[in-house]
Structures are given as C-alpha cells and as structure tokens.
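Reader: I am new to reading structures, and I would like to learn how one describes the surroundings of a ligand and the packing of helices. Could we go through them slowly?

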Amino acid sequence: MSQTEAPVTIDEDKLMSFVFRAVDEVGASLNTALVVMGDQLGYYRTMAEHGPVTPAVLAELSATAEPYAREWLNAQAAGGYVTFDPEARTYTLPPEHAIAMTDETSPAYLPGFFQIAHGTIRDAPAIIEAARTGDGFGWHQHNSDVHHGCERFFRPGYLANLVSTWLPALEGVVPKLEAGARVADVGCGYGASTIVMAEAFPNSTFVGSDYHADSIAVARQRAVEAGVADRVTFEVSPAAGLSGEGYDLVTMFDCLHDMGDPIGAARHVRQALADDGTWMIVEPAAGDRPEDNFNPVGRAYYGFSTLLCTPSSLSQEVGLALGTQAGPAKIRDVTSAAGFTAFRTASGTPLNNVFEVRP
Ligand SMILES: C[S@@+](CC[C@H](N)C(=O)[O-])C[C@H]1O[C@@H](n2cnc3c(N)ncnc32)[C@H](O)[C@@H]1O
C-alpha cells in the first residue's frame, strides 16, 4: 500500500454475512446433483404418490439404501424442498413442489433445468481450459445430460406457450399454419418445439434441423413416437445449410446466440423464407444492458452463457459470442445486418423473449 492510500476498513458483519450467504450457495450447488438424484431414483415421484414418508419407507418404496434416502431427505428438508414433521418424524413433498418436481407437462417443471445445469457443471473442467486458450467447446462435445436436460427444460414451456400465446402473437401466422404452411425449425435439438407445432397444425409440414447428429437421431424417434413423422422431417445441417426455400415460417428456439455466425444464419433464413414469411426467434429473457439482467433469471443464464452457450459460439466459425443474455438490441442488429427490415418483441414469459422478424 502506498503512503497516500487510505487504509481499507473491513466491516466484519458484512464479511460474515457474505460468507454465510456463500455457505447457502454451496448447499444450493450440491442440491443440483441431489435434485438429479431424486429425479432418477424416483424419490420425488414416490413422495408425490405416497404422501409423508420416513427414510425407511422412502428407501423401501424406491428400492434404494436407507442411509442415502435419510441423508437426501435431510438435505431436502434443510433446503425447503420438503417439509419435516418433528413429532411423526416424517418428510412431505408439498403438493405445489410435487407439481414442480414431477409433472413434466407443467410450465413449473424443474428437473430438466437441474439436469442441464448438472450436465453443464460436469463439463466445467474443459471450459476452464478453453477460457485460458480462447478455444470454444461445442454443443456436440457435452455429455448427454446437457442435451436431454435441454429438452426436458424447454419442452414444458413450449407446451404451455407456443401454440396458445407465441404463434398467435405473430401477425397472420396462425391462419397460414391452419391452412397448411411450410415451417423450418432451425437448431431444433431433440425437436420438442417442432413436434408441439406439428401436433397443433396437421395441415402443415415441418423441417427440423440441427448440426448435432445425435440430437437429430433422437428428434426423429420423438416424431415417430408422437405419430407425426409423416409431416415432420429432420435433417443434420448447420443453420446456414438449411435445405429448402419458400418457407412461410422459420423458427429458432434458444439457439441463435449459440451459433458462431448468427448473421450468416440470418442471411440464410432470409433466402429460405418466402417474401411474406415470418421468422420467429425465441431467446432467453434479457434486457440490453448487463445490469438489466442482474436478477435470479439473469444469474442462471449468465452461468449457462459462461459454461455452455458462449463456448458453443466460440467453437464455430466467426465465433461472435453474443452470449445467452444478448438482449433485444443485439438480436435486432443481427437480423438487420442480414437484410431484415421489421423486428419487434411479440411476446414473452419470465424466461423468454419472443421476436417477430420479417423481410
Ligand atoms: C439450447 S439448445 C436448444 C435446442 C432446441 N431448439 C430446444 O429448444 O430444445 C441449442 C441448439 O442449437 C444447436 N446449434 C448450435 N449451433 C448451431 C448451428 N450453427 N446450426 C444449427 N444448430 C446449432 C445445438 O446443436 C443445440 O441443439
């Protein structure tokens, strides 16, 4: 310290309150794996169906070892995920938590969010190394919990919002879909959004595309299971290689910011879209300035941005690295650089911005 600098005074209370907040966060970090454990071992489903349990009962009903069930229950009770009755010595999953932890069709469903977070954290050593070298780390390089968790995280939101709210918010799109439109869903992953749209609009045909071959293999299987494979095809291609043209609607769900060259992708969408077509871009909810996103949603998404989406973009040509929290202004810039003239925020949820883009 130079002689002119004032000595820094440490407020011990502030220091300790920061440390105790961090202790809570360590518990929350470990809870990421505990939620995946409860999901995979059926603990939440068993509690939702059975009601109050002792560790012995949970262990027996789930065919797991009691010491694990006991410690897991105590961690869940300490974190407020389950309640504890000190007289009966039983643990209960409240009905609201049961919906969030077990109902895959509810927009409140959480295990997919934890699964993608858990998979993302497991690949952190590679990201730490990439940050040193400036290299990227592609979506295809991640473990399958990232891909599968992604589907389980986003699908409930598509079920709740896509057909009821997002598509009707776009000018003139629903009548076209009802009459029979051609749709391309770019960066479709496991095809959750493609299949939700195909189920709702039986007169329309759909092409889902993604550069990740393993995801497309699952998407094809999902289309067969949903009984829509006659109208839905999937192709392995980067966004800039989408086949076909004259599309009435091109959609991108939570993937534009993952691309290395979103402007190149946007130029290709412009070519592939009919002149009266619409490009719907769904991106994570975000404001334009970092400080607009210093809230719980922004915190989670900046975490994914650092560990998942930004490395994905950096792994591809151009490597623009928009970031998960790009915000409307940067997305608009991408579309106008590619020659689109109309851009507006058409809809949204606490987790999503939905943009309508037209030639
Ligand atoms: C966060 S996931 C979203 C997947 C899917 N849209 C959904 O909502 O479930 C991002 C997807 O973008 C895909 N992706 C990344 N870069 C791409 C590119 N340049 N061209 C096509 N797909 C790309 C990844 O393979 C991944 O499936």
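Author: Let us begin with the word "near": a residue is near a molecule or strand if one of its heavy atoms lies within 4 Å of it. Of the 19 residues around the ligand, those that come nearest are Tyr-158, Gly-187, Asp-210, Ala-239 and Phe-253. Please keep in mind that this is a predicted model, in which local features need pLDDT of at least 70 and side-chain atom pairs count only at pLDDT 80 or more, while totals for chains, interfaces and linings use all residues. Residues are numbered from 1 along each chain as its sequence is written, and side-chain values use heavy atoms, with hydrogens and water left out.

Reader: Which backbone atoms lie 2.8 Å from a nitrogen atom of the ligand?

Author: A backbone N or O atom of Ala-239 lies at that distance, 2.8 Å, from a ligand nitrogen atom, and a backbone N or O atom of Phe-253 also lies 2.8 Å from a nitrogen atom of the ligand. For Gly-187, a backbone N or O atom lies 2.6 Å from a nitrogen atom of the ligand.

Reader: How should I read the packing of two helices?

Author: Two packed helices are described by the angle between their axes and the distance between the axes. Helices here are DSSP runs (H or I, at least four residues), numbered from the N terminus, and axes are lines fitted to C-alpha atoms over the stretch in contact, with angles from 0 to 180 degrees between N-to-C directions. The axes of helix α8 (residues 144-166) and helix α10 (residues 192-200) come within 9 Å and cross at roughly 30°.

Reader: Why are α8 and α10 called roughly parallel?

Author: Angles under 35 degrees count as roughly parallel, over 145 as roughly antiparallel, 65 to 115 as roughly perpendicular and the rest as oblique, and therefore α8 and α10 are roughly parallel to each other. The contact (heavy atoms within 4.5 Å) involves residues of α8 including Tyr-158 and Leu-162, and residues of α10 including Val-196 and Met-197.

Reader: At what angle do α1 and α2 pack?

Author: Helix α1 (residues 12-40) and α2 pack at about 60°, with their axes 5 Å apart, and they are therefore oblique to each other. In this contact, Leu-34, Val-35, Gly-38 and Asp-39 of α1 meet Tyr-43, Tyr-44 and Arg-45 of α2.

Reader: Where does α2 meet α5?

Author: The axes of α2 (residues 43-50) and α5 (residues 95-102) come within 10 Å and cross at roughly 140°. Their contact is made by Tyr-44, Arg-45 and Ala-48 of α2 with Ala-98, Met-101 and Thr-102 of α5.

Conventions:
Helices (H or I, at least four residues) and strands (E, at least two) are DSSP runs, numbered from the N terminus. A polar contact is a pair of N or O atoms within 3.5 Å; within protein, one must be able to donate a hydrogen and the other to accept it, and residues adjacent in sequence count only if both atoms are side-chain atoms.
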